[in-house]
Amino acid sequence: MAAERIVILTGAGLSAESGLGTFRGTGGLWDEYDLEQLATPEGFARNPLKVHDFYNMRRRWLREACPNSAHFALAKLEREHSGEVLVVTQNIDPLHEAAGSKAPIHMHGELASALCAHCRASRPWTEDLSLATDCPSCGESGYMRPDVVWFGEMPREMERIYAALAKCDLFVSVGTSGTVYPAAGFVAEAHSAGAHTVELNLDPSEGASLFAEKHYGPATEIVPAFVESLLTR
């Protein structure tokens, strides 16, 4: 099929082969760490030091991570496809941008960014955060936090995402578990709009039955192959 308007949703499975790991399933981060303590506003209020330690560790991981061939393939699709391509990622890493993607929507925020809960200013941030970190905008200390969307908070740019889903003719889900909403519902939105739906994943996701086309295997193998098939149609 020829697709003029493509929406691509990416999840942790896309960056797993870059060394960042996934969250759910065997070996995922939530096997080792308690998401209720580390990925909720309530957890941060109870123990901000523990949450800062966790995200400081993950921020340091970013210094060692590089985009893989799946990231580069999606950036190539953006450059070479004659129509519209919108990348929406659940990932908080910067690997799409490092591979050359121009403006992915980080619906769950960005780890390399810090947010002041006092003045709501956000800015790029690659160093550790602590309770002693002063906000560069308002000067207050004790309010800086990772600029990420925790469970119970509203994902970013949802109006723009739903508008794109409503008019896309191809929806591709890459490396997602299909368990976290609202992203898990995007395939149904795209299907309602008449789009062809494709799942690219290591294993079938929770919502695999909702996809018209499915390809399973390592992202570094199946994503470049799928992109090449699109660009040569």
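Mentor: Start with the buried residues of helix 5 in this predicted model. They are Pro48, Val51, His52, Phe54, Tyr55, Asn56, Met57, Arg58, Arg59 and Leu62.

Now pick out tyrosine 55. Its relative accessibility is 3%, so tyrosine 55 counts as buried, the cut-off being under 20%. What does its ring pair with? A search of the whole structure gives five aromatic pairs. In one of them, the rings of tyrosine 55 and tryptophan 150 have centres 6.1 Å apart. Their planes meet at 50°, so this pair is tilted. The cut-offs explain the label: under 30 degrees would be stacked, and over 60 would be edge-to-face.

This pair links distant parts of the chain. Tyrosine 55 lies in helix 5, residues 48-62. Tryptophan 150 lies in the loop between strand 6 (144-148) and helix 8 (158-167). The two are 95 residues apart.

Look at tryptophan 150 next. Its relative accessibility is 3%, so tryptophan 150 is buried too. Arginine 145 has its charged end over the ring of tryptophan 150, 3.8 Å from the ring centre. Tyr55 and Trp150 also belong to one aromatic cluster, together with Phe44 and Phe54.

At 1% relative accessibility, proline 146 counts as buried. Leaving aside residues up to four places away in sequence, proline 146 touches His52, Tyr55, Arg59, Ser113, Leu115 and Leu129. Among these, His52, Tyr55 and Arg59 are buried residues of helix 5. Serine 113 is 33 residues from proline 146 in sequence. In space, the C-alpha atoms of serine 113 and proline 146 are 6.5 Å apart.

For contrast, turn to another aromatic pair. Phenylalanine 186 is buried, with a relative accessible area of 1%. Tyrosine 162 has 32% relative accessibility, so tyrosine 162 counts as partly exposed. Their rings form an edge-to-face pair, 5.8 Å centre to centre, with 80° between the planes. This pair also links distant parts of the chain. Tyrosine 162 is in helix 8, and phenylalanine 186 is in helix 9 (residues 186-192), 24 residues apart.

Methods
Residues are numbered from 1 along each chain as its sequence is written. This is a predicted model: local features need pLDDT of at least 70, side-chain atom pairs count only at pLDDT 80 or more; totals for chains, interfaces and linings use all residues. Side-chain values use heavy atoms; hydrogens and water are left out. Rings of Phe, Tyr and Trp (its six-membered ring) pair if their centres lie within 6.5 Å; planes under 30 degrees apart count as stacked, over 60 as edge-to-face and the rest as tilted. Helices (H or I, at least four residues) and strands (E, at least two) are DSSP runs, numbered from the N terminus. Buried means under 20% relative accessible area, exposed over 50%, partly exposed in between (1.4 Å probe, protein chains only). A charge sits over a ring if NZ of Lys or CZ of Arg is within 6 Å of the ring centre and within 35 degrees of the ring normal. Contact means heavy atoms within 4.5 Å.
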